[in-house]
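Please read this note beside the model, taking the points in order.

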Amino acid sequence: MSIFITQLFNGLSLGSIMLLIALGLAITFGLMNVINMAHGELIMVGAYTTYVVQQIVSSYLPQQMLAYYFILAIPLAFLISAVLGIIIEKTVIRFLYDRPLDSLLATWGVSLILQQAARSIFGAPNVAVKTPDWLDGGFSILGATLPYKRLFILALAVFSIVGLSYFLYKTAVGRKMKAVMLNREMASCLGVSTKKVDSYAFALGSGFAGLAGCALTVIGPIGPSIGTNYIIDAFMIVILGGIGKLTGTVVGALGIGILSTTIEYTTSATIAKVIVFALIIAFLQWKPSGLVSMRTRSLD
């Protein structure tokens with residue numbers, strides 16, 4: 001039972017991390033049809049924002065405040081990544097809509113620029129972020145120990161999903177985003193400013209990337225290429241779940257997390273990744289639209 005609980009929790013933990021990373025891509029790729037290769041570097045920005053907040057708090061504020069720096073770092077990581085996303089959208093991506101290959105190359109160039117900027121500012125070696133004391137230790141249940149760090153990331157993922165769902169279904173801007181995602185031309189004819197919606201969507205997706213980067217700091221060191229290690233898996237989750245479908249992204253992330261840890265338990269990390277990729281390719285051959293397909297009245 002303890003092994004089962006541990007493996008299940010490890011799968012949910014990995015899935016929650018991948019979900020935080022894939023949420024931003026689900027928004028930008030699903031709404032704007034933009035392949036944002038700089039998404040990994042926006043994750044990096046969120047991670048380094050957390051590191052900078054820690055350095056500022058430890059240098060200029062009383063030491064007892066260091067235990068709470070992470071609470072401040074979470075909204076700042078989201079905000080700074082969102083602002084950077086708006087800048088990228090207005091200066092690069094806005095001129096490349098309906099040109100997917102050009103936008104792919106342009107955002108890849110932006111990712112290289114951001115990586116080199118991080119190396120110039122923080123140096124090439126990875127840096128460590130000190131985890132707050134209240135995230136040390138774990139919770140024991142039926143002989144299995146669940147680390148507080150992983151529980152925190154899982155709770156952050158749940159909070160993000162609930163917040164994003166409320167935003168999309170209960171706010172005016174969110175409903176406009178859904179309208180543009182379903183039918184851009186019709187939404188434009190009804191008076192929705194698609195350019196503003198695109199800016200808001202890219203900022204929101206970039207903010208979630210920064211939030212994922214902040215979460216990654218509690219499980220290991222960070223460096224200029226931290227986002228590159230996760231970008232392929234994030235695209236895989238978005239495509240598997242169904243482009244632009246929040247429910248599919250959640251199911252895909254958690255499913256891949258549980259499947260990966262289960263296979264890895266009996267084989268190795270490399271073999272598990274190969275098997276998971278092969279299963280996803282086979283599934284997409286059977287159902288190219290993903291787990292949750294977009295409803296449409298158009299005929300193929």
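1. Helices here are DSSP runs (H or I, at least four residues), numbered from the N terminus. This is a predicted model, in which local features need pLDDT of at least 70 and side-chain atom pairs count only at pLDDT 80 or more, while totals for chains, interfaces and linings use all residues. Residues are numbered from 1 along each chain as its sequence is written, and side-chain values use heavy atoms, with hydrogens and water left out.

2. Helix H1 (2-32), helix H9 (228-241), helix H10 (246-266) and helix H11 (269-286) each supply at least two residues of the lining of the largest pocket, and H10 gives the most, with 6 residues. A pocket is an open set of points on a 1 Å grid over the protein atoms alone, where a 1.4 Å probe fits, with protein on both sides within 12 Å along at least five of seven lines; lining residues have an atom within 4 Å of a point. Of the 23 lining residues, Leu 14, Met 18, Ser 260, Glu 264 and Lys 273 lie nearest the centre of the largest pocket.

3. Thr 28 lies in helix H1 and, at 2% relative accessibility, counts as buried (under 20% relative accessible area, 1.4 Å probe, protein chains only). Leaving aside neighbours within four places in sequence, Thr 28 is in contact (heavy atoms within 4.5 Å) with Asn 33, Val 34, Ala 201, Phe 202 and Gly 205. Thr 28 and Asp 198 are 170 residues apart in sequence, yet 8.2 Å apart in space, C-alpha to C-alpha.

4. Ile 153, Leu 156, Ser 160, Leu 164 and Phe 167 in H5 meet Leu 204, Phe 208, Leu 211 and Ala 215 in H8.

Key
Buried < 20%, exposed > 50% of the residue type's maximum accessible area, 1.4 Å probe, protein only.
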